[in-house]
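Here is a briefing on one protein chain. Look over the sequence and the structure, then read the notes by topic.

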Amino acid sequence: SAGVRAKTSAVSGMKMQQMSQSVPFLPRPAALDGKMVGDVGFDPLGFSGKYDIKWLRESELKHGRVCMLASLGYIVQEFVHLPFEATSNPVGSEAFYQVPAGGLWQIFAAIGAIEHFSHNFKMSGSTMFSDGRTPGNFGFDPLGFGKNPQARARYELAELKNGRLAMLGFSGMIHGSFITGKGP
């Protein structure tokens, strides 16, 4: 009886590692503690152990926003386009190659300039949030949706989920064009 109690107390004294809510057979990463909106412990590649979690969230939001716009643009450009020969191809994967190399470099340079100016030239994960800014918040809220904290949390979660869906959706759309050679 004393041996059974010793084994039981040793087992009950062990602290079990919390498992991820999104992938129940994997342990929850330490950096994903549920404090951020939409955090369900999904990090199967372990990025949260190598990079700042705020920098990763900023990246996720930015890519989600770009893919939401890209998904809309990918569908709209099939029906509405500028009346020039260079802009008449409805297949996005082919239309990309119609842009001259100089034009692509101009687009990439403009994107880089926007990135640097929007972050006040703080581009690393250790400096980007040194002023207390939260990931994805650039202070742009002209309609005042963020005044109510409960509504703001709901909108942040909706943006995150829609962005994640858009990243998957746009990936599917563009790969469908690669495979079939047709637009959406």
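**Briefing**

Phe121 counts as exposed, because its relative accessibility is 52% (buried is under 20% relative accessible area, exposed over 50%, partly exposed in between, with a 1.4 Å probe and protein chains only). This is a predicted model: local features need pLDDT of at least 70, side-chain atom pairs count only at pLDDT 80 or more, and totals for chains, interfaces and linings use all residues. Residues are numbered from 1 along each chain as its sequence is written, and side-chain values use heavy atoms, with hydrogens and water left out.

**Confidence**

- The protein chain has a mean pLDDT of 83, and 90% of its residues reach 70 or more; pLDDT is the predictor's confidence in each residue, from 0 to 100.
- Helices (H or I, at least four residues) and strands (E, at least two) are DSSP runs, numbered from the N terminus.
- Where pLDDT is low, the predicted coordinates should not be read in detail.

**The loop between α4 and α5**

- Phe121 lies in the loop between α4 and α5.
- Its phi is positive, about 65 degrees, although Phe121 is not a glycine.
- Asn120 is in the loop between α4 and α5, and has a positive phi of about 55 degrees although it is not a glycine.
- Asn120 is exposed, because its relative accessibility is 54%.
- Thr134 is found in the loop between α4 and α5; at 42% relative accessibility, Thr134 is partly exposed.
- Thr134 and Lys54 are 80 residues apart along the chain, with their C-alpha atoms separated by 7.6 Å.

**Aromatic pairs and a charge over a ring**

- The whole structure holds 7 aromatic pairs. Rings of Phe, Tyr and Trp (its six-membered ring) pair if their centres lie within 6.5 Å; planes under 30 degrees apart count as stacked, over 60 as edge-to-face and the rest as tilted.
- Phe47 and Tyr51 form a tilted pair, because their ring centres are 6.1 Å apart and their planes stand at 50 degrees.
- Phe47 is partly exposed, at a relative accessible area of 38%. Tyr51 is partly exposed too, at 42% relative accessibility.
- Tyr74 and Phe170 make an edge-to-face pair, 5.8 Å centre to centre with 90 degrees between the planes.
- That pair links distant parts of the chain: Tyr74 is in helix α2 (residues 53-79) and Phe170 in helix α5 (residues 149-180), 96 residues apart.
- Tyr74 is buried, because its relative accessibility is 5%.
- Phe47, Tyr51 and Trp55 are linked into a cluster by ring pairs.
- Arg154 has its charged end over the ring of Tyr155, 5.3 Å from the ring centre. A charge sits over a ring if NZ of Lys or CZ of Arg is within 6 Å of the ring centre and within 35 degrees of the ring normal.

- Gly169 belongs to helix α5 and is partly exposed, with a relative accessible area of 32%.
- Gly169 and Ser71 are 98 residues apart in sequence, yet 7.3 Å apart in space, C-alpha to C-alpha.

**Largest pocket**

- A pocket is found on a 1 Å grid over the protein atoms alone, as an open set of points where a 1.4 Å probe fits, with protein on both sides within 12 Å along at least five of seven lines; lining residues have an atom within 4 Å of a point.
- The largest pocket holds about 1,200 Å³ of space. Grid points are joined across faces, edges and corners, and a volume is the space filled by probe spheres set on the points.
- Its lining has 37 residues, of which Val66, Ala70, Ile107, Phe108 and Ile111 lie nearest the centre.
- α2, α3 (92-95), α4 (101-118) and α5 each supply at least two lining residues, and α2 gives the most, with 10.
- By class, the lining has 21 nonpolar, 13 polar and 3 charged residues. Ala, Val, Leu, Ile, Met, Phe, Trp, Tyr, Cys and Pro count as nonpolar, Asp, Glu, Lys and Arg as charged, and the others, Gly among them, as polar.

**Second largest pocket**

- The second largest pocket holds about 760 Å³ of space.
- It is lined by 23 residues, with Arg65, Gly136, Arg152, Glu156 and Glu159 nearest its centre.
- The largest share of this lining, 5 residues, comes from α5.
- This lining has 11 nonpolar, 5 polar and 7 charged residues.
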